[in-house]
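Have the viewer open and follow along.

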Amino acid sequence: MKTILITGSNGLLGQKLVDLLHTEPNIKLIASSRGTNKLADIYPNVAFVAMDVTNAEQVEDVVANTQPTHIIHTAAMTNVDDCESQREECWKQNVDAVANLVKACEHHGVHLIHVSTDFIFDGENGPYTEEAEGHPVNFYGESKLAAEELVEQAACKWAILRTVLVFGIVHDYGRSNIVLWVKGSLEQGKQIKVVNDQLRTPTLAEDLAQGCWLAAKHDAQGIFNISGEELLTPHQMALQVADYFHLDKSLIEEVDGSIFSQPAKRPPRTGFDITKAKTKLGYQPHTFKESIAIVASQI
């Protein structure tokens, strides 16, 4: 029997984990988030506890009271430009919170599964393996690399799951993603500018949730890349979305990133080699085309 505590259960990945695990046998699932439970009406039988991961006392109390065997830590500040301009808040949410969780996991013998990002890299040599050295080009990446270092030094079992450009649909439709944005824009006849000079291995949120579950199921330890397998530019992704929904591709203008003024620099070429996750965990992601179909079925 595994008792799995999910942080950030209101977020995209947190919701997909609850979707995936709420009927899994031999699992006691505990959802947690800083705000009220957005999944209360959908999964009334899933235990929920309010927890602000930046509050060390609260984290210790929740872990002591719920006694999880595993914590899957999905809560984070992920808006890259906000992280650049709100550095103190970013550090609090992405680093201090991890320090709180590490301490509680050490104290109670909990296996910590921490979700990280391709943005710990500078994007000069992607796709990356798990052994690649982190070298971030923005503050979000710096905060996530610092969090990884805390986890790696932890005196408890731990796994770090790095991912790339996660997309999917949340239950409250509160956030967009590349599939919804391209579909919505083209349906309205809007011309859109999409960059062709950034390469990623985009990740369906359901696939990332599966990777997190496999890490817990196998008590995996170490660093694992959990992403899609295809290296694509956002422009190539947009064309696939247009093809899938039979929309007008001529509205998609191919541009390079220099035309956008964003506070945070983006790494040009990231993406992951996922061989280790496939061989050690049995991880098998969907293709991008299959992923579009899954998102389309949820709209």
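Buried here means under 20% relative accessible area, and exposed means over 50%. Keep in mind that this is a predicted model.

Start with helix 10, which covers residues 288-298. Its buried residues are Phe288, Ser291, Ile292 and Val295. Looking down the axis of helix 10, these buried residues fall within an arc of 105°, so they line one face of the helix. The general rule behind this sort of pattern is that an α-helix has 3.6 residues a turn, so residues three or four places apart point the same way.

On the other side of helix 10, Lys289 and Ser297 are exposed. What sits over the buried residues of helix 10? The cover includes strand 7, helix 6 (178-187), strand 9 (203-204) and helix 8 (234-245).

Next, find Thr270, in the loop between strand 11 (252-255) and helix 9 (275-281). Is Thr270 buried or exposed? Its relative accessible area is 0%, so Thr270 counts as buried. Setting aside neighbours within four places in sequence, Thr270 is in contact with a list of residues that includes Gly123, Tyr128, Val164, Leu199 and Leu231.

Asp118 belongs to the loop between strand 5 and helix 5. With a relative accessible area of 3%, Asp118 is buried because the cut-off is 20%. The side chain of Asp118 also has a polar contact of 3.2 Å with the side chain of Thr117. Leaving out neighbours within four places in sequence, the contacts of Asp118 include Thr163, Val164, Leu165, Arg200 and Phe272.

Most residues other than glycine have a negative phi, and most peptide bonds are trans. A few places here go the other way. Gly126 and Pro127 are joined by a cis peptide bond, with omega at about -5°.

Leu165, one of the contacts of Asp118, has a positive phi near 35° without being a glycine. Look for Leu165 in the loop between strand 6 (158-163) and strand 7 (166-167); at 40% relative accessible area, Leu165 is partly exposed. Asp219 isn't a glycine either, and its phi is positive at about 50°. The loop between helix 7 (205-217) and strand 10 (222-225) holds Asp219, which is partly exposed at 30% relative accessibility.

## Cysteines

How many disulfides are there? The count comes to zero. Cys90 is in no disulfide, and the nearest cysteine sulfur, that of Cys83, is 3.4 Å away. Cys90 is buried, at 0% relative accessibility.

Cys212 is in no disulfide either; the nearest cysteine sulfur belongs to Cys105 and is 14 Å away. Cys212 is buried too, with a relative accessible area of 0%.

Terms used: Residues numbered from 1 in each chain as written. Predicted model: local features only at pLDDT ≥ 70, side-chain atom pairs only at ≥ 80, totals over all residues. Heavy atoms only, no water. Helix = DSSP H or I, 4+ residues; strand = E, 2+ residues; numbered from the N terminus. Buried < 20%, exposed > 50% of the residue type's maximum accessible area, 1.4 Å probe, protein only. Contact = heavy atoms within 4.5 Å. Arc of directions from axis to C-beta. Disulfide = S-S within 2.5 Å. Polar contact = N/O pair within 3.5 Å; in protein donor to acceptor, adjacent residues only side chain to side chain.
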